[in-house]
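Subject: Structure handed over, with notes

Dear colleague,

Please keep the sequence and the model open while you read.

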Amino acid sequence: GLAKNGTHLPGSQARIHLVGAAYHTSSAICKLVSLATNDYVELYVMNTTDTQNVRVSDMSMSITSLAN
């Protein structure tokens, strides 16, 4: 999911079910967020069904400014 300034953004999470540690997949999250100077956005991942660590091997984040 996404967080703004350390606070979770509702509606910004994606649930993915992986079968086995060697399984690979991709996902996308799209969220419109208002940002001010010094605001920051974080992406976080969590394993909710197992004790194995989650490993993100490739990631791309794109942030675009919209005119007022």
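**Strands and their pairing**

In E2, the residue Thr7 has Lys4 standing opposite. Please bear in mind throughout that the model is a predicted one. The pairing to which these two strands belong is antiparallel, with strand E1, residues 2-4, and E2 joined over two bridges. Taken as a whole, the open sheet has three strands in the order E2-E1-E3, and the pairing within it is antiparallel. Strand E2 (7-8) and E3 each have a single partner strand and stand at the edges, so one side of each is left without a neighbour in the sheet.

As to confidence, the protein chain has a mean pLDDT of 83, and 94% of its residues reach 70 or more. Within the protein chain, E2 has the highest confidence, at 93, whereas E3 has the lowest, at a mean of 90.

**The loop between E1 and E2**

Gly6 is placed in the loop that runs between E1 and E2. Although Gly6 and Tyr40 are 34 residues apart along the chain, their C-alpha atoms are separated by 8.1 Å. When residues up to four places away in sequence are not counted, Gly6 touches Tyr40 and Glu42.

The loop between E2 and E3 holds Ser12. Is Ser12 buried or exposed? Its relative accessibility is 0%, and because buried means under 20%, Ser12 counts as buried. The side chain of Ser12 reaches the backbone oxygen of Leu9, at 2.6 Å. With its neighbours within four places in sequence left aside, Ser12 is in contact with Gly1 and Leu2, and also with Ile29 and Lys31.

**Asn47, after E3**

Asn47 is found in the segment that follows strand E3 (41-43). With a relative accessibility of 27%, Asn47 counts as partly exposed, a class that lies between the cut-offs of 20% and 50%. The side chain of Asn47 reaches the backbone nitrogen of Thr49 at 3.0 Å. Residues up to four places away in sequence not being counted, Asn47 touches Gln52 and Val54. The C-alpha atoms of Asn47 and Asn5 are separated by 22 Å, and these two residues are 42 apart along the chain.

With kind regards

Key: Residues are numbered from 1 along each chain as its sequence is written. This is a predicted model: local features need pLDDT of at least 70, side-chain atom pairs count only at pLDDT 80 or more; totals for chains, interfaces and linings use all residues. Side-chain values use heavy atoms; hydrogens and water are left out. Helices (H or I, at least four residues) and strands (E, at least two) are DSSP runs, numbered from the N terminus. Buried means under 20% relative accessible area, exposed over 50%, partly exposed in between (1.4 Å probe, protein chains only). Contact means heavy atoms within 4.5 Å. A polar contact is a pair of N or O atoms within 3.5 Å; within protein, one must be able to donate a hydrogen and the other to accept it, and residues adjacent in sequence count only if both atoms are side-chain atoms. Two strands pair if DSSP finds at least two bridges between them. pLDDT is the predictor's confidence in each residue, from 0 to 100.
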